[in-house]
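Good morning, everyone. Please look at the screen while I bring up today's protein.

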Amino acid sequence: MFPMNAPLVQEHLKMAGLWALSRKIRFPLAEGEDITAHLTKPWGEWKKGSLATGSLNIEQKDSQILKGIKLFKSYSPKTIGVSENSDTIVLNPNVTATVERPVFEDDPLNKKWLNLLDPKKPKVLDGEFTYGGEVKRTYVYKRDTGLYEEDEIEVEGVAKAPFNPGNDRIFINAYIYNGKKDLKLLLSIIIGSFQG
């Protein structure tokens, strides 16, 4: 469940005339805050030539208002690959998502129109993205197998670290005014982000 007291960022997109059949929005995941994974090795050194590899995975969840339905027709990226010579990985991805008009029960192509009793009050829908993942990197250390220095062998291990997970919940307020004049269409996007 998305916490009610999560911080919110609001963005307004104003469009004149009728709303197109779809609209793309772009927003920073986690409100632009760092999504970080920090690798630590228990001993030894990072193996020469080894890189921190892994991915951050972004998944769209069902709308809490439209049970069993996802708000966005498509989105990207779904996965962000990592391959870096670092033990601290910091990502600040942007998500681009497409919302289509029929999800608001207003579908001109199929001759279905939504006529709200009060077009000054928006139809509100929500969507949610969760994100998480991990990175790993190979390290090496010496292990003594006998009395002499030449009895040491090199042993490999793999260190792993998760990205700090979280979710972004998005509210879209769509002002639908079929057959109404003197109203400006306003698509309002409210994004709340929670990490934990």
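Which residues do ring pairs link into a cluster? They are Phe27, Phe72, Tyr75 and Phe129. Keep those names in mind. We will come back to them.

One caution before we go on: this is a predicted model.

Now the overview. The protein chain has 13 strands and 0 helices. The chain has 196 residues, and 40% of them count as buried. Now take the contacts with a separation of 6 or more. Residues 24 or more positions apart account for 75% of those.

Three strands form an open sheet, in the order β2-β9-β6. The pairing is antiparallel. Which strands are at the edges? β2, residues 22-28, and β6, residues 72-76. Each of these pairs on one side only. Neighbouring strands of this sheet are turned by 20° against each other on average, direction ignored.

Look at β2 with β9, residues 94-100. They pair in the antiparallel sense over 7 bridges. Arg26 stands opposite Thr96 in β9.

Stay on β2 for Ile25, which is found in that strand. Buried or exposed? Ile25 counts as buried, because its relative accessibility is 6% and the cut-off for buried is under 20%. Now find Ala97. Ile25 and Ala97 are 72 residues apart in sequence, yet 5.5 Å apart in space, C-alpha to C-alpha.

On to the core. Nonpolar side chains tend to be buried together in soluble globular proteins. Here, the largest nonpolar core holds 39 residues. Which of them touch the most other members? Phe72, Phe129 and Phe163. Strand β10, residues 123-144, gives the most to this core, with 6 residues.

Zoom in on Phe72. Leave aside its neighbours within four places in sequence. Phe72 is then in contact with Ile25, Gln60, Ala97, Thr98, Val99, Phe129, Ile170 and Ile172. Notice that Ile25 and Ala97 are both on that list.

Now the rings. How many aromatic pairs are there? The count comes to 5. Take Trp43 and Tyr141. Their ring centres are 5.4 Å apart and their planes are at 75°, so the pair is edge-to-face. This pair links distant parts of the chain, 98 residues apart. Trp43 is in the loop between β3 and β4, while Tyr141 is in strand β10. Trp43 is partly exposed, at 46% relative accessible area.

Tyr75 and Phe129 form another edge-to-face pair. Here the distance is 5.0 Å centre to centre, with 65° between the planes. Tyr75 lies in strand β6 and Phe129 in strand β10, so the pair ties together parts 54 residues apart in sequence. Tyr75 is buried, with a relative accessible area of 12%. Phe129 is buried too, at 0%.

One last stop: Ser55, found in strand β5, residues 52-61. The side chain of Ser55 makes a polar contact with the side chain of Asn57, at 3.3 Å. What else does Ser55 contact, leaving aside its neighbours within four places in sequence? Thr79, Ile80, Gly81, Gly132, Gly133, Glu134 and Phe163. Phe163 you have met already, among the core residues that touch the most other members.

So, back to the opening names. Phe27, Phe72, Tyr75 and Phe129 are linked by ring pairs into a cluster. Phe72 and Phe129 are also among the residues that touch the most other members of the largest nonpolar core. Thank you.

Definitions and conventions: Residues numbered from 1 in each chain as written. Predicted model: local features only at pLDDT ≥ 70, side-chain atom pairs only at ≥ 80, totals over all residues. Heavy atoms only, no water. Pairing = 2+ DSSP bridges. Helix = DSSP H or I, 4+ residues; strand = E, 2+ residues; numbered from the N terminus. Axes fitted to C-alpha atoms, helices over the stretch in contact; angles between N-to-C directions. Polar contact = N/O pair within 3.5 Å; in protein donor to acceptor, adjacent residues only side chain to side chain. Contact = heavy atoms within 4.5 Å. Core = buried A, V, L, I, M, F, W, Y, C linked by side-chain atoms within 4.5 Å. Buried < 20%, exposed > 50% of the residue type's maximum accessible area, 1.4 Å probe, protein only. Phe/Tyr/Trp six-rings, centres within 6.5 Å; stacked < 30°, edge-to-face > 60°.
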